[in-house]
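Here are my notes on this model, point by point. Please keep the structure open while you read.

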Amino acid sequence: IVPVIAKADTLTPAEVKKLKQKVRDEVEEHEIKIYHFPDCDSDEDEEFKKQDEELKESFPFAVIGSKTIINEKTGKTIRGRIYPWGMVEVDNPTHCDFTKLRNMLIQTHMQDLKDVTQEIHYENYRAQCIQSLTRTVAKDRSNRNKLSRQSVTDLPIQILPLSETEKLIREKDEELR
């Protein structure tokens with residue numbers, strides 16, 4: 001989870017700061033699992049370390065979204081919104097954290113996000129699938145062991161084909177071994 005405050009243009013800078021702190025406190029209080037930025041290596045350049053620190057301070061990201069393209073009198077085109085009191089630019093870091101969020105997701109931390117997804121989230125999902133399959137198989141076995149008044153010869157013998165999911169799980173287990 002990457003926390004985001006949407007429609008940040010409806011808040012004053014003081015309100016954004018207060019809301020960010022409240023979100024941080026509640027995430028910590030309720031132990032919500034969010035994406036944590038990895039620590040910088042000692043061999044990273046100072047510019048990257050500074051950029052990484054700015055990203056950590058920006059959490060949660062206060063963003064403004066807009067599809068509207070505005071043509072300024074200077075000929076420059078920008079994405080944003082026009083209000084009676086002025087204009088809000090989506091790509092202006094003084095107006096919102098959209099550029100920081102975009103850079104974090106697409107440039108600086110993309111590989112780490114992919115790694116976390118593969119190594120933690122997918123593996124947790126896979127383990128849950130395997131657990132549910134083993135519970136189902138164990139339940140079926142215990143039901144088969146409870147014989148009714150029928151004789152053993154009267155019970156139908158079923159040979160069930162492996163489902164695609166079971167095949168994939170077995171293949172993954174073999175790869176891991």
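1. Strand 4 (residues 77–83) and strand 5 (86–89) run antiparallel and are joined by four bridges. Strands count as paired if DSSP finds at least two bridges between them. A strand here is a DSSP run of E with at least two residues, a helix is a run of H or I with at least four, and both are numbered from the N terminus.

2. Strand 4 has another antiparallel partner: three bridges join it to strand 3 (residues 69–71). Which residue of strand 4 is the bridge partner of Ile 69? That partner is Arg 79. Strand 3 and strand 4 also form a hairpin, with five residues between them. In the turn, Gly 75 has a positive phi of about 95°.

3. A word on the source. This is a predicted model, where local features need pLDDT of at least 70 and side-chain atom pairs count only at pLDDT 80 or more, while totals for chains, interfaces and linings use all residues. Residues are numbered from 1 along each chain as its sequence is written, and side-chain values use heavy atoms, with hydrogens and water left out.

4. Now the whole chain. It holds five helices and five strands. From the N terminus on, the order is β-α-α-β-β-β-β-α-α-α. Of the 177 residues, 21% are buried. Buried means under 20% relative accessible area, exposed means over 50%, and partly exposed lies in between (1.4 Å probe, protein chains only).

5. The chain exposes about 14100 Å², and carbon and sulfur atoms supply 53% of that area. Accessible areas come from the Shrake-Rupley method with a 1.4 Å probe; for residues, only the protein chains shown count as cover. Take contacts (heavy atoms within 4.5 Å) between residues at least 6 apart in sequence: 56% of them join residues at least 24 apart.

6. Check two backbone angles. Lys 7 is not a glycine, yet its phi is positive, about 55°. Lys 7 lies in the loop between strand 1 (4–5) and helix 1 (13–29). Glu 31 is not a glycine either, and has a positive phi of about 55°. Glu 31 sits in the loop between helix 1 and helix 2.

7. Are these two residues buried or exposed? Lys 7 counts as exposed because its relative accessibility is 57%. Glu 31 counts as exposed because its relative accessibility is 67%.

8. Look next at Pro 60. The peptide bond from Phe 59 to Pro 60 is cis, with omega near -15°. Pro 60 lies in the loop between helix 2 (46–58) and strand 2 (61–62).

9. Last, the second largest pocket. Its volume is about 430 Å³. Among its 20 lining residues, Pro 13, Val 16, Thr 94, His 95 and Cys 96 are the closest to its centre. Helix 1 gives the largest share of the lining, five residues. Strand 5 also supplies at least two. By class, the lining has eleven nonpolar, three polar and six charged residues. Nonpolar means Ala, Val, Leu, Ile, Met, Phe, Trp, Tyr, Cys and Pro; charged means Asp, Glu, Lys and Arg; the others, Gly among them, are polar.

10. How is a pocket found? On a 1 Å grid over the protein atoms alone, a pocket is an open set of points where a 1.4 Å probe fits, with protein on both sides within 12 Å along at least five of seven lines; lining residues have an atom within 4 Å of a point. Grid points are joined across faces, edges and corners, and the volume is the space filled by probe spheres set on the points.
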